Amino acid sequence: MSSFRTRLLFALISLIVLVLIGLGVLIGELFKSYYVNALHSRIEKEVELVVSELEQQPSFSELAVLRFDRLSNVLDIRITIAEQGEGTVYDSENNLMIDQHEDTIRKIQAEPPSVEDSIVRFPVTEEINYYAKGVMIGGSPGVLVMGTEFDELKEVYRQIWIILSITLGVALLIIILLGSRITNQYTRPIESATKVAIELAKGNYRARTYEDRVDETGMLSNAINVLARNLQEMVTYQAIQQDRLQTLIENMGSGLIMIDRQGFIVLVNRSFLDFFRVSIEDVLNKRYVDIFTDEKVQLLAEEVFMTEQRVRKQVHLSAALSKRHLEVYGAPIIGEGSAWHGIVLVFHDITELKKLEQMRKDFVANVSHEVKTPITSIKGFTETLLDGALNDKDALETFLSIILKESDRLQALIQDLLDLSKVEQQGFKLAMSQMDIVELLKEVATMMEHKALKKDMNIRLLGCKTSTIEGDHDRLKQVFINLISNAITYSQPGGEIRVTVVDGDNEIIIEVEDDGIGMEEEEIPRIFERFYRVDKARSRNSGGTGLGLAIVKHIVEVHYGELSVKSKPNEGTAFSVSLPKKH
């Protein structure tokens, strides 16, 4: 902007200098013309004066030479008098000594002006001029020639130019000072507006200019500020919307991918990258046919491209991708004027839904199987009794014992199902009370002591002697009965069950550890599923229903506790229950 101000000031000064030079030349020429005309007018008056003196002379031969010499000296001119046809009769021969004098006199005598003619000027140079006037003396015509040199003309010219130069120089200096202030005053708002415009172009929408004038520059500054405020508001709103959209896209549970009309991927979110286990550098700006290895996904994308219709399909990814079940929704992206921009694919992870569906199927199958077995036994032995075994007392007692055992097993299964259903209900409430967890564990140990003695096993309580928590006594008792019972069931005879209580600041940790058969690591996440059995034959023979750990897990969760398992094959299993002291 400083260069603009400099250029503007330079242009104005150049224009003013040209105008002043032209004006100075014009004024100088006017002064010069005026002065020269004034000199000519004075000389012409002097010519008239000398002519009047000549007309008083009796004749050309009787001229008063001394008088004319005195006039020549007083007037500082050279006087030459010539009689027509006779030549020069008088020449003062002073004041003007030039080589061209004789030639000029002859030219004048060759064509002398008449008495009636006005004074005729014959310039020799710019400073030397001759003036001729026809005269009549004693009835004889002649000519009066007066020559003079304007010696002071150069000095006058020099003084005129000095005065003009000083005057115009002072005027130019004043104009430069005033012009500089004026241009600075008018370019400063433009300079400020330009700087703000540059900042706006760089993206700094907080930049503002001063609005201290009410003229056009003030209107420009106001317009720039209004534009900056509008841009700032628009960019802020756009940034908020962009952040919201970006947050929504990145944190939505479904994978999203956008493909342009050339087939290149232009947008992906984090869920998509997690689904396909790729990085954004491997996907962005790549062709979708090179990214999707699953043929079903490629065919779905091609179908959307070709039909321009919404498509929804379910796909099952390969085992390398954790066997995910995905529901893929594809839709075309059509802008204004039916402009085709590409397609968008949304991948919904329905793996958990599939798992729940499979669990439901397994649950129905398991319940049917578990119920079918005792019912079949009861029905079979009942039919046997009806067929004549009633008369055999020993067979009768054996069959009735089996029927009773299977009935108890069926009752236990139904009771566990009812308990599990009750615990899983939305409005399930606990009978909360202050209780000593150590005393509760002692009760459980006493109850399970008979079962442990059958396998020559010992139950040891370790850790603190007393610890109070807030919980449901009966439900927690059910938890530890299940855990200790499982520990006895899946342990070798002669083993030991260790129940350790650790009292923390805000929670109590109870660990039930055995030296039993243990389990593989991949089976641990499934042991809390309904009817899941690590050792199916042994579990069923032990009288278990397969629902105990599922009930344990839900009771611990409604107490806002945590349940974890550590186990190794043939080394034992450790269940850790963490319960908060305050519910």
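In this predicted model, residues 24 or more positions apart account for 58% of the contacts in the protein with a separation of 6 or more. The protein is built from 15 helices and 17 strands, and of its 583 residues 37% count as buried.

**Aromatic pairs and a charge over a ring**

A pair of aromatic rings is described by the distance of the centres and the angle of the planes. How many aromatic pairs does the count come to? The count comes to two aromatic pairs, and they are set out in the table.

| Pair | Arrangement | Centre to centre | Angle between planes |
|---|---|---|---|
| F272 and F347 | tilted | 5.5 Å | 55 degrees |
| Y288 and F305 | stacked | 5.8 Å | 20 degrees |

F272 belongs to helix 6 (residues 270–276) and F347 to strand 10 (residues 340–349), so their pairing ties together parts of the chain that are 75 residues apart in sequence. Both F272 and F347 are buried. In the pair of Y288 and F305, Y288 comes from helix 8 (residues 288–291) and F305 from helix 9 (residues 295–307), so this pair ties together parts that are 17 residues apart in sequence. Y288 is buried, its relative accessible area being 8%, and F305 counts as buried as well, at 19% relative accessibility, because the cut-off for buried is under 20% relative accessible area. Another aromatic ring, that of F264, has R287 lying over its face, at 5.4 Å from the ring centre.

**Helix 2**

Which residues of helix 2 are buried? In this helix, which covers residues 65–75, the residues F68, L71, S72 and L75 are buried. Seen down the axis of helix 2, the buried residues fall within an arc of 100 degrees, and they therefore line one face of the helix. L66 and V74, in contrast, are exposed and lie on the other side of helix 2. Just after helix 2 comes D76, which takes a positive phi of about 60 degrees.

**Helix 13**

Helix 13 has 17 residues and reaches 24 Å from its first C-alpha to its last, which is close to the 24 Å expected at 1.5 Å a residue. This helix is mostly covered, since 13 of its 17 residues are buried. At the start of helix 13, a side-chain oxygen of D472 comes to within 3.2 Å of the backbone nitrogen of D474. T489 lies in this helix, which takes in residues 473–489, and T489 is buried, with a relative accessible area of 11%. Where does a polar atom of the side chain of T489 lie relative to S485? The backbone oxygen of S485 is 2.8 Å from that side-chain atom of T489.

**Y131 in strand 4**

Y131 is found in strand 4, which runs over residues 128–137. Is Y131 buried or exposed? With a relative accessible area of 0%, Y131 is buried. Leaving aside residues up to four places away in sequence, Y131 touches H40, I43, E44, V47, I119, V120, R121, L144, V145, M146, T148 and F150. The C-alpha atoms of Y131 and G147 are separated by 6.3 Å, although these two residues are 16 residues apart along the chain.

Technical notes:
Residues are numbered from 1 along each chain as its sequence is written. This is a predicted model: local features need pLDDT of at least 70, side-chain atom pairs count only at pLDDT 80 or more; totals for chains, interfaces and linings use all residues. Side-chain values use heavy atoms; hydrogens and water are left out. Helices (H or I, at least four residues) and strands (E, at least two) are DSSP runs, numbered from the N terminus. Buried means under 20% relative accessible area, exposed over 50%, partly exposed in between (1.4 Å probe, protein chains only). A polar contact is a pair of N or O atoms within 3.5 Å; within protein, one must be able to donate a hydrogen and the other to accept it, and residues adjacent in sequence count only if both atoms are side-chain atoms. Rings of Phe, Tyr and Trp (its six-membered ring) pair if their centres lie within 6.5 Å; planes under 30 degrees apart count as stacked, over 60 as edge-to-face and the rest as tilted. A charge sits over a ring if NZ of Lys or CZ of Arg is within 6 Å of the ring centre and within 35 degrees of the ring normal. The arc is that of the directions from the helix axis to the C-beta atoms. The expected span of a helix is 1.5 Å times one less than its number of residues. Contact means heavy atoms within 4.5 Å.
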